[in-house]
Amino acid sequence: MKNLDVETNERKTIPGVPPSVRPESARPPSSTASSPSEYRFFRVVQGYLDEAAALIDLPAHVRTILDQPKNELVVHFPVRRDDGRFELFTGYRIQHNNILGPFKGGLRFHQTARLDDFKALAALMTWKSSLMNLPFGGAKGGIRFDPHAYSQDEIARITRRFIHSLGSNIGPDYDIPAPDVGTDERVMAWAMDTYMNTVGTVNKQAMLGVVTGKPVASGGTHGRNKATGQGVVHCIVDWAERFGFDLKGKKLIVQGFGNVGSNTAVLLSHLGVSLVAVGDHTGYLHNAEGFNAHRLQAYVRQNGSIAGYPNGEPISREEFFGVNADIFVPAALENQVGPEEAQALQVRLVAEGANGPCNPEGERVLMDRGIEILPDVLVNAGGVTVSYYEWVQNRRSEQWTLAEVDTRLEGAMRDAYRRMVEFQMQHHCSYRVACYGVALERLRTVYEQRQIFP
Ligand code: NAD
């Protein structure tokens with residue numbers, strides 16, 4: 001592990017306490033990054049909810065409401081493959097909470113996605129929207145399949161049938177999907193078009209905001225594509241400024257080189273941070289001299305993965321986690337950093353671009369080793385924040401400049417970072433629990449004012 005020269009009082013107030021989880025009987029099974037099928041992601045999120053709720057004395061009924069999603073939709077629908085066969089797909093949409101505004105959250109196309117994951121990811125969206133002071137709730141959804149094994153035409157038909165099956169269970173004032181793992185702006189364009197042409201036929205233009213993360217020409221906003229990575233970078237810069245940590249010349253490792261991972265690496269390269277190891281679903285590469293993040297991003301956009309990229313030496317997953325660096329940005333899936341990975345990491349900071357990349361045991365090891373963790377609820381919230389800007393532009397028929405979006409995002413991220421730190425210093429908890437705490441305080445206020453219907 002690297003030593004940081006500058007120690008501040010604030011640094012010392014960060015306790016190495018492990019996150020509390022539910023009582024033994026209700027605890028998730030001892031989870032390691034290597035047993036994804038047993039990992040109880042939703043239980044983990046509920047455990048942090050318990051911890052933050054206790055800190056702020058959250059009324060029991062609010063705690064009970066937030067413990068479960070409001071709606072769980074499961075749809076089955078047939079899609080014609082290119083060879084004429086029909087295949088039945090199962091799609092999910094979990095709507096966790098909408099007291100602050102319409103349900104909001106991504107669509108994930110991935111072969112390991114499960115109901116439990118979507119529930120966890122939907123709850124995280126509720127905390128994220130609340131933390132960022134957005135007028136949104138939380139949701140998540142998607143389909144369990146491997147998009148790499150299907151043609152573009154097939155993915156278009158799968159997307160359209162899924163959106164058609166969800167019908168009026170989504171909508172610009174009700175539930176607003178966005179991109180996540182395995183989906184991108186093309187998928188959002190198909191989703192919007194399908195919704196417009198089915199549910200919104202009489203008032204098409206008012207339906208533009210049914211999804212965010214659309215291509216700019218089809219109603220998207222400038223800056224959404226890089227927004228999540230941009231938010232990650234704002235958090236890293238904030239952290240570095242607080243600790244007098246000069247980013248120039250520092251080394252970065254990134255797991256997952258899709259939207260979040262690649263944009264984070266590119267933007268950090270502008271600050272002099274060098275990407276020395278990278279991995280995705282096809283494997284891991286090392287380059288002690290540093291990759292050209294722009295070129296690698298262009299290569300992945302062209303080829304779909306880092307596989308075959310010439311300027312790096314293939315390494316194993318185990319070797320990747322042991323690469324000597326300063327910052328690790330996990331930007332792939334949940335449950336990637338268990339105790340073994342946490343013990344292997346040779347970095348000063350883990351900035352969670354992905355949702356839930358560190359499991360509780362991994363987090364405990366990182367904390368014990370003094371490795372700082374900037375948590376997902378804050379770090380990757382740039383995506384939903386700029387999605388909100390897109391939704392506002394759609395409602396007002398406006399197109400903001402990239403500079404305007406960037407300025408607003410920076411202000412929003414820095415403000416949320418400050419509120420997280422204030423809570424953490426007041427309650428002596430982890431940054432993660434502080435994010436939950438700030439989010440829950442806003443939700444509590446609204447529940448207290450509106451009370452429970454009827
Ligand atoms: P993406 O599909 O663009 O990229 C995902 C990356 O992860 C790819 O490089 C893929 O190869 C890699 N990957 C998949 N399985 C892997 C495995 N088993 N091991 C290693 N790498 C693997 O997805 P994304 O949008 O960049 O999302 C990444 C993470 O960020 C997810 O946790 C997502 O929920 C979170 N996130 C995304 C956004 C957004 O705006 N896209 C916003 C907030 C949070």
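Modeller: Let's start at Gln 297, which sits in helix 9, residues 293-303. This is a predicted model, so read everything below as computed from it. Gln 297 counts as buried because its relative accessibility is 9%, and the cut-off for buried is under 20%. What does Gln 297 touch, leaving aside residues up to four places away in sequence? The contacts are Phe 257, Ser 262, Asn 263 and Val 266.

Seven strands make an open sheet with mixed pairing, in the order 9-8-7-6-10-11-12. Its edges are strand 9 (313-315) and strand 12 (372-374), each of which pairs on one side only. From one strand to the next, the twist averages 20 degrees. Inside that order, strand 6 (residues 251-255) runs parallel to strand 10 (residues 327-330), and 4 bridges join the two.

On to the charges. Side chains of opposite charge can pair when their charged atoms come close. In this model the count comes to 29 salt bridges.

Take Asp 180 and Lys 140: their side chains meet in a salt bridge at 3.2 Å, N to O. The pair links distant parts of the chain, with Asp 180 in the loop between strand 5 (175-179) and helix 6 (185-198) and Lys 140 in strand 4, 40 residues apart. Asp 180 has a relative accessible area of 18%, so it is buried. Lys 140 is buried too, at 3% relative accessibility.

Next is Glu 390 with Lys 214, where the closest N and O atoms of the salt bridge are 2.8 Å apart. Glu 390 belongs to helix 14 (residues 382-396) and Lys 214 to the loop between helix 6 and helix 7 (227-242), so this pair ties together parts 176 residues apart in sequence. Both ends are buried: Glu 390 has a relative accessible area of 1%, and Lys 214 has 2%.

Then there's Glu 363 and Arg 432, whose side chains form a salt bridge at 2.5 Å, N to O. Glu 363 lies in helix 12 (residues 360-368) and Arg 432 in helix 16, so the pair ties together parts that are 69 residues apart in sequence. Glu 363 and Arg 432 are both buried. Going back to Lys 140 and Asp 180, those two belong to one network with Arg 108 and Glu 334, joined by salt bridges that share partners.

Last, some backbone spots to check. Most residues other than glycine have a negative phi, and most peptide bonds are trans. Asp 57 isn't a glycine, yet its phi is positive, about 55 degrees. You'll find Asp 57 in the loop between helix 2 (41-56) and helix 3 (60-67), and it counts as exposed because its relative accessibility is 65%, with the cut-off at over 50%. Asn 133 also has a positive phi, near 60 degrees. Asn 133 is in the loop between helix 4 (115-131) and strand 4 (138-143), and is partly exposed, with a relative accessible area of 44%. As for the peptide bonds, the one joining Phe 453 and Pro 454 is cis, with omega about 5 degrees. Pro 454 lies in the segment after helix 16 (431-450).

Technical notes: Residues numbered from 1 in each chain as written. Predicted model: local features only at pLDDT ≥ 70, side-chain atom pairs only at ≥ 80, totals over all residues. Heavy atoms only, no water. Buried < 20%, exposed > 50% of the residue type's maximum accessible area, 1.4 Å probe, protein only. Contact = heavy atoms within 4.5 Å. Pairing = 2+ DSSP bridges. Axes fitted to C-alpha atoms, helices over the stretch in contact; angles between N-to-C directions. Salt bridge = Lys/Arg side-chain N within 4 Å of Asp/Glu carboxyl O.
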